[in-house]
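User: Hi! Could you walk me through this chain before I set anything up?
Analyst: Happy to, here it is.
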Amino acid sequence: MAKTEATGEGVARGSAEPSAVAMAVLGVEGALVCAVLVVAALGAQAGPGGGEPVAALAVVPLMLVLILFAGGVVTAAYVVPAVRLAHWTARQLTGRTAWWWIPPACTLWVLPALAVPAWHLAGLGLYAVALPPALAVHATVVRARAGRPVQPCAAILSWGALAVGCVVIGGGAVVAVG
């Protein structure tokens, strides 16, 4: 969509591609899910008659790989098309793009789930998972079009790793105390 060169202190830096930004955000979301699984496995180990925590920990890497694959599918089929639709609609109606066009555009992909009552929760879950990357992609595209520096994916992944570490350490401490 948009790739610009921005200069900061004499160093040229390319912006992140929108699909890479979406994958980075979805990867962080997936890592957070896996961190919660690790904390839950620690809680199962600490409780009386706690099941099989080792088996739960063994599933976490496989779960992360599956989540990253699903993130690629969601990026290609949901996030990037929703952002493009939101930007196109905004330009047609107002002449500029704004972040508030993203949530309605993301809603269009989950409208079919509203027709089947059993799919309401799945549709809401998909919307909740796809909205943060769509907003991040929107911010990336808008900043790149304006010629401003864009936050690279490495920064998103670094802050995400910090959040995952906090979840594991904080959750582990709560499980150990409780």
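Analyst: Ask away, and we'll go from the overall fold to single residues.

User: What should I know before reading the values?
Analyst: This is a predicted model, where local features need pLDDT of at least 70, side-chain atom pairs count only at pLDDT 80 or more, and totals for chains, interfaces and linings use all residues. Residues are numbered from 1 along each chain as its sequence is written, and side-chain values use heavy atoms, with hydrogens and water left out.

User: Which residues does UniProt list for "transmembrane region"?
Analyst: The unreviewed UniProt entry gives 20–42, 54–79, 99–118, 124–142 and 154–177. Such annotations may be inferred rather than shown by experiment. In the model, residues 20–42 are 100% helix, with end C-alpha atoms 32 Å apart. Residues 154–177 are 100% helix as well, and their end C-alpha atoms lie 34 Å apart.

User: Now α6, what does it reach from its first C-alpha to its last?
Analyst: Helix α6 (residues 153–177) has 25 residues and reaches 36 Å, close to the 36 Å expected at 1.5 Å a residue. That expected span is 1.5 Å times one less than the number of residues.

User: And which residues are buried in α6?
Analyst: Cys153, Ile156, Gly160, Val164, Gly171 and Gly172 are. Buried means under 20% relative accessible area, exposed over 50%, and partly exposed in between (1.4 Å probe, protein chains only).

User: What is Ala24 in contact with?
Analyst: Ala24 sits in helix α1. Beyond its neighbours within four places in sequence, Ala24 is in contact (heavy atoms within 4.5 Å) with Cys153, Ile156 and Leu157. Its C-alpha is 9.6 Å from that of Pro152, 128 residues apart along the chain.

User: Is Ala24 buried or exposed?
Analyst: Ala24 is buried, with a relative accessible area of 6%.

User: Switching topic: what about Val59, where is that found?
Analyst: Val59 belongs to helix α2. Val59 is partly exposed, at a relative accessible area of 43%.

User: Back to the whole chain, what share counts as buried?
Analyst: Of its 178 residues, 33% count as buried. Among contacts between residues at least 6 apart in sequence, 69% join residues at least 24 apart.

Key
Helix = DSSP H or I, 4+ residues; strand = E, 2+ residues; numbered from the N terminus.
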